[in-house]
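Dear colleague,

Please find below the structure I am handing over to you. My notes on its salt bridges and its nonpolar core follow.

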Amino acid sequence: MSNKTKALAVGEAHVHTYLGTPTDLKKDAVEAISAGLRTVLADVFALYIKTKNFHWHMSGRHFRDFHVLLDEQSDQIFAMTDPLAERARKLGGTTLHSIGEISRLTKVADNDALYVTPEDMLAELREDNLALTGRLRAVHAICDEGGDVATASLLEVWIDETERRTWFLFESTRPAFGGND
């Protein structure tokens with residue numbers, strides 16, 4: 001056994017001993033669900049920062065409406081972070097440890113451009129929220145397989161909220177009344 005393998009085994013033993021929480025869920029289910037929650041949490045943090053970035057850098061004739069919309073959406077996104085992390089811990093799993101881990105796990109692309117049009121901001125956030133919905137559904141499926149109805153229930157609320165954000169962003173970027181791309 002290599003030193004790295006031994007260190008990993010010792011680390012896992014410490015996690016179980018010091019962070020393990022009693023649960024009736026199977027160990028494999030706890031590991032899969034908490035891994036899914038970690039990935040979603042990384043996406044949620046990245047989407048929060050991106051939404052705030054666009055909120056801070058909004059401009060144009062619809063400034064106030066879009067500025068307020070993104071502020072409301074960022075608050076809603078941030079409100080997911082603690083319940084996501086704590087749910088993983090309630091199961092006896094672990095959650096995120098660092099900005100680096102968020103960076104490694106997230107699927108939300110950064111946008112560091114100095115200027116982005118308001119329409120492009122909203123369209124990008126619409127697609128990011130739509131993709132997050134899919135990732136939330138994927139973790140929900142893992143919960144269903146593992147018999148974790150409590151996490152599934154939380155995810156259902158967040159799926160609904162994410163769909164609402166997607167809807168608002170979609171409606172805000174329509175080129176004309178009644179027209180869809």
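Lys-50, Glu-124 and Asp-128 are joined in a network of salt bridges in this predicted model. Lys-50 is buried, at 6% relative accessibility, whereas Glu-124 is partly exposed, with a relative accessible area of 22%.

A further salt bridge is formed by the side chains of Asp-148 and Arg-87, at 3.1 Å from N to O. Asp-148 sits in the loop between H6 and H7 and Arg-87 in helix H4, so the pair ties together parts 61 residues apart in sequence. Asp-148 counts as buried because its relative accessibility is 3%, and Arg-87 is also buried, at 12%.

Arg-174 and Glu-171 form another salt bridge, with 2.9 Å between the closest N and O atoms. Here Arg-174 is partly exposed at 25% relative accessibility, and Glu-171 is partly exposed at 37%. The count of salt bridges comes to nine.

As for the nonpolar core, the largest one has 37 residues. Val-40, Val-44, Leu-70, Leu-84 and Leu-136 have the most contacts inside it. Helices H2, H3, H4, H6 and H7 each supply at least two of its residues, and H2 gives the most, with 11. Beyond its neighbours within four places in sequence, Leu-70 is in contact with Thr-51, Phe-54, His-55, Met-58, Leu-122, Leu-125 and Leu-169.

With kind regards

Conventions. Residues numbered from 1 in each chain as written. Predicted model: local features only at pLDDT ≥ 70, side-chain atom pairs only at ≥ 80, totals over all residues. Heavy atoms only, no water. Core = buried A, V, L, I, M, F, W, Y, C linked by side-chain atoms within 4.5 Å. Buried < 20%, exposed > 50% of the residue type's maximum accessible area, 1.4 Å probe, protein only. Helix = DSSP H or I, 4+ residues; strand = E, 2+ residues; numbered from the N terminus. Contact = heavy atoms within 4.5 Å. Salt bridge = Lys/Arg side-chain N within 4 Å of Asp/Glu carboxyl O.
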